[in-house]
Amino acid sequence: MGLPGYAGNILYVDLTSGSIRKEPLDAETARTYIGGAGINNKLAYDLIPPDAEPLSPQNAIIIGTGPFNGTIIPGSSQVMVIYKSPLNNAFPHSNGGGYFSHFLKSSGYDHLVITGRSDKPVYLKIHDEDVELCDASDLWGKDVFETTDELRQRYEQCSVIPIGQAGENLVNISVTQIDKGGTLGSGGLCAVMGSKKLKAIVAVRGTKGIMAADPKRLQKLVDEILTRVKNYHLRDEMMKGGAMTMTSGWVPEGALARNSSVFLLYPPNVKEIQGQIYEIHKRSRKKIACITCPMSDKDRLNLPERGILTYDTAVFAVGAIMTASPAFGHRAESSPLDRYADALRFFDVVNRFGIDRVYSFEGLIDFVATLYEEGIITKEDTGGVELSREFDALLKLTKMAAFREGFGDILADGVVGAAHRIGKGADKYIQNVIKGQFVIFDPRVSGFGPMQFEMLVYPGRPLGVAAAMGAPSYSPGWPIKELVRQAERCGVPDEAIGRIFTDNSFNVGRLAKHGEDFFNLFDMFGQCHRLYISRFYSMEILAELYSAVTGIEVTPTDLKAASERVWNLWKMLNYRAGFDRKDDEPPEIWFQPLKGEDKEYNLKDYFFAAPLAREDVDRLLDDYYDERGWDKKTSLPTAKKLKELGLDSLVSS
Amino acid sequence: MLEKTAKKSTLLINADASKCAGCMTCMLSCSFRLDSTFNLAAARIQVRKLVNHPNEFEITFTNDCDACGICVKYCPYEALTHQRARKEV
């Protein structure tokens, strides 16, 4: 155990040959890329050819922890994964909670690299030195929850990354949950696992410890954070309602179906219904925390009167109402209990099969339902399935997609792939899609703030919330003073603040770069960036924690530079796979009015003050690339920038 | 569900697994106190995640737990409470 904060090894598993080996994590790599997403990027750059077929043995699954994982730092639960996505051929990152990151390190491994392809179904078991590929024939065909429970019964204290039927059937829009609660792999991770015949990865709790370089300093910092957490004014209520407590205010006047250009208006008494749903939710919920998390936003949901017992990664008010909205079969007279029960049933089905509801499936269903209503596709195309917006049809289509049955085979390819296969101009109906996934916020409704801008430029997938300045910038219209305070917390240097903010506005493109610098560090450390917990951290606190854990004294400026290095490497990884400025362009639909019942929504800035035309967004993209030191035409990091970050070897590669 | 811990001390720790969210902060704090290392396996308090259990988790203590109470201090969910043990008559 040499490096404080690290387990000290990288585990390599080749499924083709069955070879398993470990190599020491060298100190220089750890210092340069820190860990998590940082070292993942380095491994992916070195090991996955840019033109690798995502579902071929050439693709690798790279799983990484960071130096905070394994410690008591609140929220240090996240494990990172990178692979080449079968959905869009990019290299998306994703992270997930549960216990996996800590349990992997407790066996002595910081990173895990899985290559090749097995002939028969296997699962990978990791328990200290005992690393084994085990026969998974009896697990093949089981869903995400069944697989997790079965493996838990075999190994008791273990953490499981399983795949459901969607992964087995190479569904591009597959996703999984670690330990029945931590979503992982939006972009088709499970299809990649399925192509390798890898049913699950099991990290059994090991016996190795993680040292901190300065235990007393670390303890003091953790104590201060926990005190602030416990005194947080919304915490008591959140312990009852989970994520729904904090997202109830996000419910707008109507639900925007992801693909649609129209609002599906909520009933006039939506607030009342929402309040009733919230009460049902609170009595149904058992709070579940990822390891080290004092905010417990995972849910076990028990609705015995409807025979429902399920788990979810965090039930949001918006999701619960939307799922029972007209897009998905809600009847206007549905009671709050009916709506909530329908939502849970749907969540249960998609989570068990392992389908990505949030970034793909909800929008996809709306997309094909629209095509059906427009006569672009008929019953002949769907194999006789009535593509109605009824709840039963939704459940039927979910199963068809998971098993690639009939029309479900087309759905399984994701919206871009589906449009291509349908033909007949179906691609013209794709809306609100960036890099092959649906965005979660339409900026015509929510304003063009840091989160919405981030959806454009985030490499690999349109993730907005993970790197976008954090709360309070998620909600539109906060005063400039608050936003500047927020920027200072996130380590934006004074000279940049002067460049970004005016008295009554800010440059969202330039600001986005700095949000990325801050939140990328969470992904490098193994820290959760959800707002409930990340709000208690600042760039200074992160620098203090990193110094205390590893013994490497850093300043916020040092950390920011390390983060920028890792982000540029990630950008190069995606650029090399063909992703450039054209992939960061906004969807055309954003520049057309969104028609509500009695008003129109148009793209405006974060304050809903200034209308934004396409040229304005293009200029903001220019500013973002300029702030990053990237070429404005191509988005390629300049040689100067790469050299400045010590990435000389990537120049003109 | 209440479970008791060591006899060595005049203190004891009550655990209420129905309040436990499974964050295992108690285990990390325990092992850290013992030898400044975070080691779940070495902790004298053990939180186990169970399949099909109404509480989801079970909390137990090893025989060498001395009821120091560090786990009580760090539990964010008030699932652990520290009490002075009644003298056995």
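These legends walk through several close-up views of a predicted model.

**Figure 1. Chain A as a whole.**
Start by taking in chain A, whose secondary structure comes to 27 helices and 22 strands. Its radius of gyration is 23 Å, close to the 26 Å that the globule rule gives for 653 residues, so chain A is as compact as a globular protein of that length. Along the principal axes, the C-alpha atoms of chain A fill a box of roughly 65 × 65 × 50 Å. Of the 653 residues in chain A, 58% are buried. Take the contacts in chain A with a separation of 6 or more: 69% of them link residues 24 or more positions apart.

**Figure 2. An open sheet in chain A.**
Here six strands of chain A line up in the order 2-1-6-3-4-5, with mixed pairing. Strand 2 (20-24) and strand 5 (93-96) of chain A stand at the edges with a single partner strand each, so one side of each has no neighbour in the sheet. On average, neighbouring strands of this sheet are turned by 20° against each other, direction ignored.

Zoom in on strand 4 (residues 79-82) and strand 5 of chain A, which pair in the antiparallel sense over four bridges. Look for Val79(A), whose bridge partner in strand 5 of chain A is Gly96(A). Helix 2 (residues 37-47) of chain A lies across strand 3 (61-64), strand 4, strand 5 and strand 6 (111-115) of chain A. That helix runs at about 160° to strand 3 of chain A.

**Figure 3. Where chain A touches chain B.**
In this view, 27 residues of chain A are in contact with 20 residues of chain B. On the chain A side, the elements giving two or more residues are helix 3 (100-106), helix 4 (144-155), strand 13 (210-211), helix 7 (215-230) and strand 16 (285-288). The residues on that side divide into 10 nonpolar, 11 polar and six charged.

**Figure 4. Strands joined between the chains.**
Strand 13 of chain A and strand 2 (residues 37-38) of chain B run antiparallel and are joined by two bridges. Met211(A) has Thr37(B), in strand 2 of chain B, as its bridge partner.

**Figure 5. Inside the largest nonpolar core.**
This core has 221 residues, and among those with the most contacts inside it are Ile62(A), Val81(A), Leu411(A) and Cys26(B). Leaving aside its neighbours within four places in sequence, Cys26(B) is in contact with Ile45(B), Val47(B), Cys71(B), Tyr74(B), Cys75(B) and Leu80(B).

Definitions and conventions. Residues numbered from 1 in each chain as written. Chains lettered and ligands numbered in written order. Predicted model: local features only at pLDDT ≥ 70, side-chain atom pairs only at ≥ 80, totals over all residues. Contact = placed C-beta atoms within 7 Å. Nonpolar A, V, L, I, M, F, W, Y, C, P; charged D, E, K, R; others polar. Pairing = 2+ DSSP bridges. Rg over C-alpha atoms; globule rule 2.2 N^0.38 Å. Buried ≥ 20, exposed ≤ 12 C-beta atoms within 10 Å, placed from the backbone. Core = buried A, V, L, I, M, F, W, Y, C linked by C-beta atoms within 7 Å. Axes fitted to C-alpha atoms, helices over the stretch in contact; angles between N-to-C directions.
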